[in-house]
Amino acid sequence: MVRYFLLVLAFFASVSTLFAQKDFFSIRNYTAIDGLPQSQVKGILEDKSGYLWIGTEGGGLARFDGREFKVYTTLDGLFNNQVTELELDSKDNLWILHKRGVSRFDGLKFKTFQATNPDTKKNWFRCMYTLHDTLFVISTTGLTTKIHQDSIHYWEKDIYGTRVFTVHTTNNGQVVVWREDGTFLVRGESDSFMIPTEGKFKKVLRLFDFKGNVIVQTESGEYTIDLHERTLIPTPKNLDEMVLSYDEKADVFWTSNGNSLFRVKLGQSAARDTVLTDVGVLQVLNDSEGNTWFASDGRGLFKYYNQDFLRCSSDKLRGVMAIYRDRDGASWIGTMNKGLWKICKGKISSYLSNETSYRNSITCIKESPWGDLWVGTANGLARYDKAKDSFVWYSREDGLPNWFISGIEFDGKGMWVATGRGLSYFDGKKFKTFSGNEKLAQGAGALRYLGKYNTLFFGTELTIEALHDGEVTTLDIPEIQNTRTLSMQSYQDSLLLVGTGGAGVVMYNPATRRRKMITTREGLASDFVYFVIADEKQYIWIGTEKGINRVKLDRRGDIVENLHFDNDNGLLGVETNQNAYFISPDAKYFGLVDGLYEYNDLDKHDMRSFDIHLTDVKLLYGEYSARAYSDSTYGFYQIPYQPVFPPDRNHLTFQFNRVDKRYSKSVRYKYILENFDKTWSLPSTMDQVTYSNLPPGTYTFRVMSTNNRGSWSDTRIAYTFTIKSPFYQTTAFIVGAFIFVAGLVTLILYLRVKQKVNRLMMMERVRQREQEHLRKEIARDFHDEMGNQLTRIINYVSLLRLNENSNAEVAGVSAHEHGARQTANGAVAGARVANGQDLYTKVEDSAKYLYTGTRDFIWSIDPVNDELSKLFIHIRDFGEKLFEEKNMNFRAFNGVREKIRLPYGFSRQANLIFKEAMTNAFKYSEANNISFSLRRDSGDGFEICLEDDGVGFSPDQLQKSNGLQNIRDRANRINAVLRIHSEKHQGTKIILNFALNKTVKYGIAV
């Protein structure tokens, strides 16, 4: 009982904050763990793009964009890592003050200016300010240094006629200078004026802006410098501490006593809140997004902001599993293991079960249309009895298929209950378990009834089922098959929102069966969704394991707003629970693993949303400078303006950013490269994109980002650049190349025509030479063959004529002589007759030889006979007829069976060679056997051989024989090799070797 009472007290303490005055302000401390280079912060500054610049004591300069710190040190060109003050000029240059010098950063590089005698401590710099594009630096001695347009005009001069002790720059750009002579010098863009103090005080402690004027805190009180009236007015002292800053929007003062920071709001009753203790705050900055930043002396950087969520329970209440507010206004909170709690009109009631601890594990809470409140637990279902303020329990004995209750839904007639073993229906009297259908008997998770379709939708471990008129059908959603369904809600009364354990959110239209996925690809923090529900403004709240997303869709179902809330926005434990949410127009509560949270709907009208901007354009990952290909640059980061890159510099990386120091994790980007990409990219958190191997042309890179509401901003980047064409793709080169090619083609055609003409002329000359050569050969052959034979025939005929004349003379001798000489004349007449017969024989032989030579000549000039086999047959036939006359044994063998084409003139020369050789063998060899053969030599070579077994001849006879020399000459004409082997009484062999793989002209291979 004591334990129960202590538990009630603990819960009462944890939830009593629900009814206390809500304060959504929170503080976050950035230290070295977050990337801040040094914990002692000397100065903070916000630039036009929203970046927060932080100067540290020894850690250098840091830039914060809401996500991460980028650190600059002496390694990057900074003069010194000890920074005392920061200032921006009208050209957006950042000036960094050091004790012994000044650094200027233009977004690309640092330029440093060193003080004279830097080792002397009295010459150290104390503060600085800008005016008319000129930087004025005040040293510890009160003297001034002026830097204008990269030139130091003087060092430590008394430019005001006296020393300067304090300098303050107002919100409207005026500079208030407290001088040693006890006067204020106010300098503006156009004029300056003096305000005397008349000895009212001797020391100025602090200057700060207040409603258009400047408040002066002194050792003797407070004064107001009326900048409009140009007077000094005593002001009642309302603040005891030193004022660091005044926030005009919130109408609060930030004060410090050296050890603590206070937030003071003046009015009829001053409200003074202690914000930080044991922290020395050196500077307070109110940024454009509604955040307040504190530069501390040794504790890092602090951010004070109005957060989106407030945890309204203590650490003793954790694991909120279900939230519900009934029609009587009572709030019900179900926990993981501490039972059910009710808060109604300030009264807190606890409902704990003593039977089993599983009944103290609440899974869902829902009220029926008839006013009954039902609670699902890990061990049964409970109905609240308002009259008795107690619960009636239902379990398996009452008809439920399983102890574990995962969901409750009403269809207007009864109640559907999802359990670990399927569905059960309660009609007001009893439970009916649907076990006949296998799908209904499966473990059911989330469920939702849509009255428009009179259908109950419920999820299983694998699919989503629809129960209509007793029939169960499976929804065709391939993206979430084999995925557990954790949440199911209606959207716009006709659509179904489904949250899954790993596949994101599905928006499903049961009428058209169309679906729309919302996943991490569309900007969701995680695809493991515990709950999804729409509010009265059609915002969809999606609870995940990594926080909560608030999404808004357009008519097509595309995301137009998307904010991600996590520990940066007040959610310390980012993991949500399945039924732990309550959404109403008045309030929104969410249960997380570490407690209960209330949503703070911030008014963002006064919160500035910064524009997206380019931070760099890199060539080949920075190997080359893109600024070298542009005539000018723009912006703080010196972006090259409309650069023109050569064709081999076509690998570009674009870096861009939008600073958001409140919702940095919600910033999404989309980009497109016109003339290259066809569509915009998918939303992404990536702040850079690389394009490689871009073809020549002019491109426009466009990129947009979401604003501080999560919607796509109207401000976009349009960056134009050009990649030049290679010289071989320029117009001049193409025209020149066309002219060159045309000229080259013309020249080639001219040369080809000329070559053809020359070739025809050469062929004609060759043909003429061949004809002349052929005529000479024919003439020579006719002379050799027919001329000789005809001459011999003529001689024989002359001899015959002489013989006839001699016979006539003999016939005319006197008779007396006839008788005396009868005997002698008979002998002579017999001799003459014999001689006449011999002449006739010779004439006959010569005529036959002439006929044979003429026939051979005619055969050789016929192109049909230019074939190796026909040449062999022709020579063989000649030999057979020749050697028959002496009964010599002649044999012929042809070893080449295929058709071999012979060049012109070859057949005639070869025929004459072997006819000459056969004739010699016939006349002089005295051989008994003669053979004639044709065979292949090697490769393309051939060999014709004539061999006999006659008497042979000596080499001397070979050199003296005109016939043999004649056939050797004929072999040379056809580019053949003639070999003759002969020995006395050993026979003779004549071999002709030739090849036919070369061009043959004039019967000679060349």
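Predicted model: local features only at pLDDT ≥ 70, side-chain atom pairs only at ≥ 80, totals over all residues.
Residues are numbered from 1 along each chain as its sequence is written, and side-chain values use heavy atoms, with hydrogens and water left out.

Now for the ring pairs. A pair of aromatic rings is described by the distance of the centres and the angle of the planes. Here, rings of Phe, Tyr and Trp (its six-membered ring) pair if their centres lie within 6.5 Å; planes under 30 degrees apart count as stacked, over 60 as edge-to-face and the rest as tilted. That rule gives 74 aromatic pairs. Take Tyr-72 and Phe-110: their ring centres are 5.8 Å apart and their planes stand at 65°, so this pair is edge-to-face. It links distant parts of the chain, with Tyr-72 in strand β5 (residues 69-72) and Phe-110 in strand β9 (residues 110-114), 38 residues apart. Strands (E, at least two residues) are DSSP runs, numbered from the N terminus. Tyr-72 has 8% relative accessibility and so counts as buried (under 20% relative accessible area, with a 1.4 Å probe and protein chains only). Phe-110, at 13%, counts as buried too.

Further along, Tyr-394 and Phe-426 have ring centres 6.1 Å apart and planes at 55°, so their pair is tilted. Because Tyr-394 lies in strand β37 (residues 390-394) and Phe-426 in strand β40 (residues 422-426), the pair ties together parts 32 residues apart in sequence. Both Tyr-394 and Phe-426 are buried.

A charge sits over a ring if NZ of Lys or CZ of Arg is within 6 Å of the ring centre and within 35 degrees of the ring normal. Lys-552 lies over the face of Tyr-539, 4.9 Å from the ring centre, and the charged end of Arg-649 sits over the ring of Tyr-624, 3.7 Å from its centre.

Finally, back to β5, which belongs to an open sheet of 4 strands in the order β2-β3-β4-β5, with antiparallel pairing (two strands pair if DSSP finds at least two bridges between them). The edge strands, β2 (41-46) and β5, each pair on one side only. Inside the sheet, β3 (residues 52-56) and β4 (residues 61-64) pair in the antiparallel sense over 4 bridges, and Leu-52 stands opposite Phe-64 in β4.

Technical notes
Buried < 20%, exposed > 50% of the residue type's maximum accessible area, 1.4 Å probe, protein only.
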